[in-house]
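Here are my notes for you, written as numbered points. Keep the picture open while you read, and look up each residue as we get to it.

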Amino acid sequence: MKISVIEKRSLWWTISGAIIISGLISMVISWTRPDIAAPLRPSLDFVGGTRLQLELDCNMPNSCNEAINVAAVREIMSNQDLGNSKIQVVGEERQALDIRTKTLDVDNRTQLIAALSSEFGEFDPSSTQIDTVGPTLGRQIFTSGISALLVAFLAITVYLTFRFQLDYAVFAFVALFHDILVTVGIFSIISLVVGVEVDSLFLVALLTIIGFSVNDTVVIYDRVREVIKRYPGESIDRIVDDAVNQTLTRSINTTVTTLLPLVGILLFGGETLKYFALALIIGFIAGSYSSIFIASTLLAWWRERIGQSIPNPIVENLQLVEDQENTI
């Protein structure tokens, strides 16, 4: 299978631009909504507070006669000065609650559960989950995650500058930034539509996406450099097309084999890992796309403007030493 990435590069850039702009619009909308006030809907990992997950005990008499009424739950919460809480009725029979509210101590939680039980019936103790995260810890998790992302970006840029050349590194960085924006933007849209929250695992997913994407980009750039050395007089467009097609099968096979277990986790991994797997799936697809269609075409476009071959003294000297050692 052969494709011409250069011939249709305007199409590839338009597709990426449309997805990124849609995500940015969604993030702006999320930021302006008072119930979110952030580009993505943050979980308790970041904002702190208490989360209660309650499910009616249908073995008790009169406990599961009808679905839980959200308005009635909110009225009970308002009576306890918890009117700004996030309330969600879940489950096929709508007989379970997911409540996110300000930090509650043991007495407050006991009082709230008792009030809800008197209205809707007894809750199953084995299904009750209560999580509390302090706001200070939430800020630390967010700050640490963002710092890790910035360090990863910087380290990758330095490595690629040394391994290849500065323009390779710049466009690899653009491709990585593209992958992060696509993943975050799509999750922002999902967050608005479905109400999905992002937690610390989402930051772990972003770091993993960066590592996967740069690996694919390095393989393509390495082949571009080899073809330039082999055919120094060839046009950069032809060189990039050849390099991409030579590595295309490898890129597709690597991505598909990586996605298969992630799809399994998405379908059968449970609530905790489901959206972590979804973020990886989105990011890995975006990473393969950007390596093939964005990083390569940007490099070709830039080389057209400044000239095809720009020597890297560090790499060339290392190669010269290696050749001399092999000759000896």
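1. Leucine 112 sits in helix α4, residues 106–120 (helices are DSSP runs of H or I with at least four residues, strands are runs of E with at least two, and both are numbered from the N terminus). Its relative accessibility is 0%, so leucine 112 counts as buried (buried is under 20% relative accessible area, exposed is over 50%, and partly exposed is in between, using a 1.4 Å probe and protein chains only).

2. Some ground rules. This is a predicted model, where local features need pLDDT of at least 70 and side-chain atom pairs count only at pLDDT 80 or more, while totals for chains, interfaces and linings use all residues. Residues are numbered from 1 along each chain as its sequence is written, and side-chain values use heavy atoms, with hydrogens and water left out.

3. Now the overview. The chain has ten helices and four strands, and along the sequence they follow the pattern α-α-β-α-β-β-α-β-α-α-α-α-α-α. Of its 328 residues, 43% are buried. Among contacts with a separation of 6 or more, 78% are between residues 24 or more positions apart.

4. Back to α4, and its partner α3. Two packed helices are described by the angle between their axes and the distance between the axes. For α3 and α4, the angle is about 145° and the axes are 10 Å apart (axes are lines fitted to C-alpha atoms, for helices over the stretch in contact, and angles run from 0 to 180 degrees between N-to-C directions). Ala72, Val73, Ile76 and Met77 of α3 meet Leu112, Ala115, Leu116, Glu119 and Phe120 of α4. That contact divides into eight nonpolar residues, no polar and one charged (Ala, Val, Leu, Ile, Met, Phe, Trp, Tyr, Cys and Pro count as nonpolar, Asp, Glu, Lys and Arg as charged, and the others, Gly among them, as polar).

5. Next, α6 and α7. Their axes come within 9 Å and cross at roughly 145°, and this crossing is right-handed. The α6 side includes Phe171, Leu176 and Phe187, and the α7 side includes Phe202, Ile210 and Tyr221. The residues in this contact divide into 15 nonpolar, three polar and two charged.

6. Is serine 188 buried or exposed? It is buried, at 0% relative accessibility, and it lies in helix α6. Its side chain makes a polar contact of 2.9 Å with that of serine 26 (a polar contact is a pair of N or O atoms within 3.5 Å; within protein, one must be able to donate a hydrogen and the other to accept it, and residues adjacent in sequence count only if both atoms are side-chain atoms).

7. How many salt bridges does a search of the whole structure find? Nine (a salt bridge is a side-chain nitrogen of Lys or Arg within 4 Å of a carboxyl oxygen of Asp or Glu). Arginine 100 pairs with aspartate 98 at 3.3 Å, N to O, and with glutamate 197 at 2.2 Å. Glutamate 197 is in the loop between α6 and α7 while arginine 100 is in strand β3, so this pair ties together parts that are 97 residues apart in sequence. Both glutamate 197 and arginine 100 are buried.

8. Another salt bridge joins aspartate 216 and arginine 250, with the closest N and O atoms 3.3 Å apart. Aspartate 216 lies in helix α7 and arginine 250 in helix α8, so the pair ties together parts 34 residues apart in sequence. Aspartate 216 is buried at 2%, whereas arginine 250 is partly exposed at 33%.

Conventions. Left-handed = near helix turned anticlockwise from the far one by under 90°. Contact = heavy atoms within 4.5 Å.
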